Amino acid sequence: TMTFEPTIIVIFGGAGDLTIRKLAPALYNLMRDGFFPGQCEIIGVGRREMDNEAFRNILREGLDRFSRRGKGDDQLWSDFAARLSYVSEDVSSPTSGSLLTQRLLEVEKAWGARANRIFYLAIPPAMMEPAAATLQRIGVCRDCKRDRLVVEKPFGRDITSAHDLNHLLSGMFVESQIYR
């Protein structure tokens, strides 16, 4: 049997197209196949105001519509949905991040353990810099061994902006933390 450490996956662009079409169905299928930690929370972050229930409903619709395996199983979905929460924050605001920090700490307190944290930037290239800056400012992605940053393509708008983004991320995070 595989053992998994407690893990929190934070998806910036949590209610966006990439998450609805690809990420949520892929994560659901990982759980379905037994590759999911018992302690795993998925936190969607986005500008849109919505509660956890609305977030879960959007992802369920996406799963049923876009999963390569067809519609989700109601019991499995129920288990998966219990791991989903949503935080409404605008990362382009210089004061954002407190709700995300609060949610991370709530989950870890309930588990009694510091989780591995994966921050997935499923957002347009223009939003990556403010999202990364928010993560750095609020200090939730500092553990080089346990915290990871996943940057979704497209990486920048062109070769120059890709180099700029790479330089920016390398200045904020240790290279081993960044997945492109």
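## Sheet

Strand E1 (residues 7-12) pairs with strand E2 (residues 40-46) in the parallel sense, over 6 bridges. Two strands count as paired if DSSP finds at least two bridges between them; helices (H or I, at least four residues) and strands (E, at least two) are DSSP runs, numbered from the N terminus. Thr-7 has Cys-40 of E2 as its bridge partner.

This is a predicted model, in which local features need pLDDT of at least 70 and side-chain atom pairs count only at pLDDT 80 or more, while totals for chains, interfaces and linings use all residues. Residues are numbered from 1 along each chain as its sequence is written, and side-chain values use heavy atoms, with hydrogens and water left out.

The open sheet has 6 strands in the order E3-E2-E1-E4-E5-E6, with parallel pairing. Strand E3 (84-88) and strand E6 (178-179) are at the edges with a single partner strand each, so one side of each has no neighbour in the sheet.

## Packing of helix H1

The axes of H1 and helix H3 (residues 74-81) come within 10 Å and cross at roughly 110 degrees. Axes are lines fitted to C-alpha atoms, for helices over the stretch in contact, and angles run from 0 to 180 degrees between N-to-C directions. H1 is therefore roughly perpendicular to H3 (65 to 115 degrees). Ala-24, Leu-27, Tyr-28, Met-31 and Arg-32 of H1 touch Leu-76, Trp-77, Asp-79 and Phe-80 of H3, contact meaning heavy atoms within 4.5 Å. This contact has 7 nonpolar, no polar and 2 charged residues. Nonpolar covers Ala, Val, Leu, Ile, Met, Phe, Trp, Tyr, Cys and Pro; charged covers Asp, Glu, Lys and Arg; the others, Gly among them, are polar.

H1 and helix H2 (residues 52-66) pack at about 85 degrees with their axes 8 Å apart, and are therefore roughly perpendicular to each other. Thr-19, Ile-20, Arg-21, Ala-24, Pro-25 and Tyr-28 in H1 meet Ile-58, Leu-59, Gly-62, Leu-63 and Phe-66 in H2. By class, the contact of H1 with H2 holds 8 nonpolar, 2 polar and 1 charged.

## Largest pocket

The largest pocket has a volume of about 350 Å³. Among its 22 lining residues, Phe-12, Gly-13, Ala-122, Ile-123 and Pro-124 are the closest to its centre. Helix H1 (17-32) and E2 are the elements that give two or more residues to the lining. The lining divides into 11 nonpolar, 4 polar and 7 charged residues.

A pocket is an open set of points on a 1 Å grid over the protein atoms alone, where a 1.4 Å probe fits, with protein on both sides within 12 Å along at least five of seven lines; lining residues have an atom within 4 Å of a point. Points are joined across faces, edges and corners, and the volume is the space filled by probe spheres set on them.

## Ile-138

Ile-138 lies in helix H5 (residues 125-138). Leaving aside neighbours within four places in sequence, Ile-138 contacts Ser-96, Gly-97, Leu-100 and Thr-101. Thr-101 is 37 residues from Ile-138 in sequence and 7.3 Å away in space, C-alpha to C-alpha.

Definitions and conventions:
Parallel < 35°, antiparallel > 145°, perpendicular 65-115°, else oblique.
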